[in-house]
Amino acid sequence: MVEVAGINDFQVSGCSFQTQTLSGSDDANLCYEAIQLDILQETHFPGYTSEDLATKNVTIDNCTFTDVPRGVGSHTTMLNNPLDTISITNCTFKNCDSAAIHGMNWINCTISGNTITNCARGIALYSIRTKGTYLASTLNSSTSISVKYSTPASNQNIVIKNNTITCKGDDAYAEHMSAAIILCGLSLDSAYKNSDKDLCDSLPAGNYYISGATISGNTISTNRYGIYLSDVRSTTVSSNKVTCTGTSSSDVYSSITVTDASQNNTVNENTVSSKNGYGVYVNSDSTVKNIKNNSVTSAGKDGIRIYDGSVVTTVSGNTITSPKENGIYVIKATATTIGTGNKISSPGKNGISVYGSSATVKTISSNTISSAKEAGINVDKAGTVTTIKGNTIKKTSSHGIFLHNKAIVKTISSNTITSPKKDGLRVESSSKATTVKSNTISSPSVYGIYVYNSGKISTVSSNTISSAGKYGIGVDKGTLTTIQSNKISSPANHGIFVQNSGKIKTIKNNTIKNGKARGISIKSVKCDMTISGNTVSSCKGEALIYLNPDSTKYTIKVSKNSLTGTSSVNGIYGLGCKVTISGNTIKSANKAVYLTTTVKGTVGKNTYSGNKSNGVTNGSKVYKNVSTPSSVKASKKSSTSVKLSWGEVSGASGYIVYRATSKDGTYEKCSTISKGSTVSYTDKSLKKGKTYYYKVVAIKKSSNEKITFKSGYSKVVSMKL
């Protein structure tokens, strides 16, 4: 209806444009817009000379566009000479079968306060295109002009704000991405050759991105994409309200999409919903600085998805409600921080998921996740997370935190996990975690912390686990090197459970109380381990510490534990194992130490009180502690030998002499004396001028001679040669 080109200061105000149709012929298809901002190309303006002269300072205000293919726009441009200073404000667009506003190569542009209703596309701004872009050398045919790629301005000053947009369907005339607001650059890896000069010229290689836009305060309802950024840089999308509905369950349209290597963008404080797609979708090697303080409701896929080589610095403060899949999903992409106030409720899958070998997240922290249908935080398929800390996870239908399929996490700390329907934390299938510490896990339906099926954790320490539906901490076909200083209360089964060739090195300084079964249970394992310094009380299984590794090849050292049982619960119960048991305090139990005749090893001095059987029950016999040798003396036998003597210990079958070269050094066994009546030993072949330190232990064999009972160490004596 109106076509202008090469004009400076063009104003249209208070006008009405309506009932424009296209016949469908090739010529008609050049006349989409009711107001077209064209270029000076002689076939477009017959009788006029072609000239590389851009239109500038366009104001279109308070106009109405009804039943037209496009309201305002351009579908031609000149390379390196954009249309400059375009203002489209307070206009009404209705029933546009293509787009309300379709701009090409615009800078210093303001589109605000417009109402767009029932249009295929709302506001669509493009850089150059392979159709419709002309070179200065063509438009100025009388001169020879060399045209090269010129980097677009970093701030093109595009403002799209406070528009109300209702869109549906697809463009009736061309294959354009259908979106309420779309900004789209173009990247050419090689020069574009076009044989049809009526469409455009050949273009030099380069990235013709859009940069420096602000999209804010818009209200959008669409059954296609909401806001779509493709090859766009340094752009802010904020305070928009976007509702995407789709037309069928197969439609995947996102409220906000950042794709195609877009860089350095920000998505903040938007309110979005997407019936069948993503709330916020970052894709295809794009970078986003912040996805912050957005409200995402009823996403048909993930609330926020970061995908396919993209990088997001911070995802924080977002509220995500009832997505059909994950709340926040990082797949084959990178995020630095997911945390500080994200609230995710009722996701159809996981609250936060990191998936794939190229998926990495530095920190997942301070998020609140509730009622996830799968895990609260899920790391899968070799995904990597450095730190998971300070998160609150409630009422998940699966695990609170789940690592599987070769996932790697360095630290899991200070998380609060409440009422998961499976495990509080589960590591399995060749996944690895270095440190699990200071987490609070209450009322898990199965395990508090579980290492399963080739999963590995180096250290589990200082965690508080209460009211587990089965076990506090479990290792099953997995590896957990150290379990230390954890507090486990009221498990429905064992406090700590290691089974099925699970591997563990140290269980120390843990507190376990009020369990309905064993405190510490070791079953079917093949490794040496130490169980020391633990406090176990008021557990109701057959033993506070239960040892049944099904092998006497490996040694289990049980020392310095404090065990308080009941009249029906044994302190330490061992069968089919090799043990070293010493320094434990056992009280109020049935049998203080109960070792079947299949057990071999050493039992040292323990403290017993108030047990039905104070001592070590082995077969049908009870063995008390062996008394410690007294009156130990050292004398110089010669310049290279020392004679030791001590008082005979009643019932002893022999003695062991230990020697060190400093009082607090490492004492090594230098002799075992098999007869209890022999109470002296001469240590020979020593070095002149050195001082040697000694201590002596009395020993006694069990009836089947599989177990050696040892006294405590005598006082240390010394001799200088």
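A salt bridge here is a side-chain nitrogen of Lys or Arg within 4 Å of a carboxyl oxygen of Asp or Glu. The model is predicted, so local features need pLDDT of at least 70 and side-chain atom pairs count only at pLDDT 80 or more, while totals for chains, interfaces and linings use all residues. Residues are numbered from 1 along each chain as its sequence is written, and side-chain values use heavy atoms, with hydrogens and water left out.

**Salt bridges**

The salt-bridge rule gives a count of nine. Select Glu542 and Arg518 to begin: their side chains form a salt bridge with an N to O distance of 2.9 Å. Glu542 sits in the loop between β63 (535-537) and β64 (543-548), and Arg518 in the loop between β60 (511-513) and β61 (520-523), so this pair ties together parts that are 24 residues apart in sequence. Strands are DSSP runs of E, at least two residues long, numbered from the N terminus. Arg518 is buried at 12% relative accessible area, whereas Glu542 is partly exposed at 32%. Buried means under 20% relative accessible area, exposed over 50%, and partly exposed in between, with a 1.4 Å probe and protein chains only.

Stay in the loop between β63 and β64 and pick Ser538. Its phi is near 55°, a positive value in a residue other than glycine. Ser538 is partly exposed, with 36% relative accessibility.

Next, select Asp683 and Arg659, whose side chains meet in a salt bridge at 2.7 Å, N to O. Asp683 belongs to strand β79 (residues 680-683) and Arg659 to strand β77 (residues 654-660), so the pair links parts that are 24 residues apart in sequence. Asp683 is buried, with a relative accessible area of 2%; Arg659 is partly exposed, at 26%.

Within it, the closest N and O atoms of Asp423 and Arg426 are 3.1 Å apart. Both Asp423 and Arg426 are buried.

**Another positive phi**

Select Asn293, in the loop between β32 (287-292) and β33 (295-297). Asn293 is not a glycine, yet its phi is positive, near 60°. Its relative accessible area is 35%, which makes it partly exposed.

**Nonpolar cores**

A nonpolar core is a set of buried Ala, Val, Leu, Ile, Met, Phe, Trp, Tyr and Cys residues joined through side-chain atoms within 4.5 Å. Show Phe65 and Phe93, the residues with the most contacts inside the largest core, which has 153 residues. Strand β80 (residues 691-701) supplies the largest share of this core, four residues. Around Phe93, leaving out residues up to four places away in sequence, the contacts include Phe65, Val72, Ile88, Ile101, Ile116 and Cys119; contact means heavy atoms within 4.5 Å.

**The cavity**

A cavity is a set of points, on a 1 Å grid over the protein atoms alone, where a 1.4 Å probe fits but cannot get out; lining residues have an atom within 4 Å of a point. There is one cavity of 30 Å³ or more. The largest cavity has a volume of about 40 Å³, the volume being the space filled by probe spheres set on the points. To find it, select its lining, which includes Val603, Tyr608, Tyr623, Lys624, Phe709 and Lys710. By class, this lining has six nonpolar, two polar and two charged residues.

Key
On a 1 Å grid over the protein atoms alone, a cavity is a set of points where a 1.4 Å probe fits but cannot get out, and a pocket is an open set with protein on both sides within 12 Å along at least five of seven lines; lining residues have an atom within 4 Å of a point. Ala, Val, Leu, Ile, Met, Phe, Trp, Tyr, Cys and Pro count as nonpolar, Asp, Glu, Lys and Arg as charged, and the others, Gly among them, as polar.
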